[in-house]
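Subject: Structure handover

Hello,

Here is the structure I promised to pass on. Please open it and keep it on screen while you read my notes below.

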Amino acid sequence: MSEDAPVNTGAVSWPDLYSAGIAVRRMQTKLHLWAARDPGRRFGDLFNLVYDPAFLVVAWERVAANKGASTPGIDKVTAAGFEARAEVNGLLGHVREELRSGSFRPVEVRRVLIPKSNGKLRKLGIPTLVDRVVQASLKLVLEPIFEADFKPCSYGFRPNRRAQDAISDIHHLASRPSNYQWVLEADIKACFDEISHTALMDRVRVRVKDKRVCALVKAFLKSGVLTELGDREETHTGTPQGNTA
């Protein structure tokens with residue numbers, strides 16, 4: 001098997017979650033090692049992994065187990081509506097075929113406004129169930145590649161890292177022998193709302209040369225928003241919070 005070869009792109013054979021998890025972890029380990037060993041490497045042949053049965057099974061499990069699984073997107077469909085394994089496999093088969101044929105198109109996310117402690121409202125974007133599954137699978141493919149480029153001091157939105165870990169490091173560095181004296185807290189205003197799609201895609205392409213994967217990422221960025229009043233808004237910049245599994 002070549003380094004960029006997919007896990008399994010033959011006839012559809014839906015693995016159980018345990019087997020799927022092992023297959024996905026093996027491929028993720030390879031992707032991460034390749035990325036870590038060669039910082040200048042650009043990956044091709046990734047799109048086949050996005051619709052690989054093992055990746056889709058693990059993606060479904062992550063979506064179904066997420067605490068927001070019962071909240072529907074604009075299609076009003078939730079993971080709880082698919083109870084039988086046959087129903088889940090049917091949904092995943094539909095997703096796989098749309099991805100393989102190139103007919104998959106993400107739809108608008110449903111915007112809800114969540115009150116914040118400071119009295120302001122936070123915009124939350126809720127994708128449809130199918131879009132969440134595709135996003136989760138895409139994340140499984142891309143995350144191990146980009147993880148290789150992150151610094152140890154980065155904690156935001158990374159696997160097995162949380163704010164408490166950053167706080168623990170602060171306590172460590174503020175104690176002997178380091179004795180750091182200052183802790184600075186800063187925030188990028190409306191980062192999720194105003195992030196440049198062009199700048200973001202430029203950074204994705206530094207590591208990914210698979211045009212289908214780049215097109216899929218861009219399609220999610222441009223999918224639009226359906227407001228609480230039922231109006232459609234284009235997404236020329238930014239990415240809705242909550243738009244990944």
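Glu147 forms a salt bridge with Arg158, and their closest N and O atoms are 2.9 Å apart. A salt bridge here means a side-chain nitrogen of Lys or Arg within 4 Å of a carboxyl oxygen of Asp or Glu. Glu147 lies in helix α5 and Arg158 in the loop between α5 and α6 (163-173), so the pair ties together parts that are 11 residues apart in sequence. Helices (H or I, at least four residues) and strands (E, at least two) are DSSP runs, numbered from the N terminus.

Is Glu147 buried or exposed? Glu147 counts as buried, at 16% relative accessibility. Arg158 is buried too, at 9%. The cut-offs are these: buried is under 20% relative accessible area, exposed is over 50%, and partly exposed is in between (1.4 Å probe, protein chains only).

Two notes on how to read the numbers. This is a predicted model, in which local features need pLDDT of at least 70 and side-chain atom pairs count only at pLDDT 80 or more, while totals for chains, interfaces and linings use all residues. Residues are numbered from 1 along each chain as its sequence is written, and side-chain values use heavy atoms, with hydrogens and water left out.

As a general point, side chains of opposite charge can pair when their charged atoms come close.

Look next at Arg205 and Asp202. Their salt bridge has its closest N and O atoms 3.8 Å apart. Both residues lie in helix α8, 3 residues apart, which is about one turn of the helix. Arg205 is partly exposed at 34%. Asp202 is partly exposed at 41%.

Then find Glu234 and Arg232. Their side chains meet in a salt bridge of 2.8 Å, N to O. Glu234 counts as exposed at 51%, and Arg232 is partly exposed at 39%. Glu108 joins in as well: salt bridges that share partners link Glu108, Arg232 and Glu234 into one network.

The core

Now go inside. The largest nonpolar core has 48 residues. Such a core is a set of buried Ala, Val, Leu, Ile, Met, Phe, Trp, Tyr and Cys residues joined through side-chain atoms within 4.5 Å. Leu31, Leu46, Trp60, Leu99, Leu138 and Leu216 have the most contacts inside this core. Several helices each supply at least two of its residues, including α1 (17-37), α3 (53-65), α4 (85-101) and α5 (129-147). Which helix gives the most to this core? That is α5, with 10 residues.

Leu31 sits in helix α1 and is buried, with a relative accessible area of 2%. Set aside its neighbours up to four places away in sequence, and Leu31 touches Phe43, Leu46, Leu49, Val141, Pro144 and Ile145. Contact means heavy atoms within 4.5 Å. Take Ile145 from that list: Leu31 and Ile145 are 114 residues apart in sequence, but 5.8 Å apart in space, C-alpha to C-alpha.

Rings

The structure holds 4 aromatic pairs. Rings of Phe, Tyr and Trp (its six-membered ring) pair if their centres lie within 6.5 Å; planes under 30 degrees apart count as stacked, over 60 as edge-to-face, and the rest as tilted. One of the pairs is Phe47 with Tyr51, edge-to-face, at 5.9 Å centre to centre and 75° between the planes. Both Phe47 and Tyr51 are buried.

Trp60 and Phe82 are also edge-to-face, at 6.0 Å and 80°. Trp60 lies in helix α3 and Phe82 in the loop between α3 and α4, so this pair ties together parts 22 residues apart in sequence. Trp60 is buried at 5%, whereas Phe82 is partly exposed at 24%.

The sheet

Last, the strands. An open sheet of 4 strands runs in the order β2-β1-β3-β4, with mixed pairing. Strands pair here if DSSP finds at least two bridges between them. β2 (121-126) and β4 (232-233) stand at the edges with a single partner strand each, so one side of each has no neighbour in the sheet. β1 (residues 109-115) and β2 pair in the antiparallel sense over 6 bridges. Ile114 stands opposite Arg122 in β2.

Best wishes
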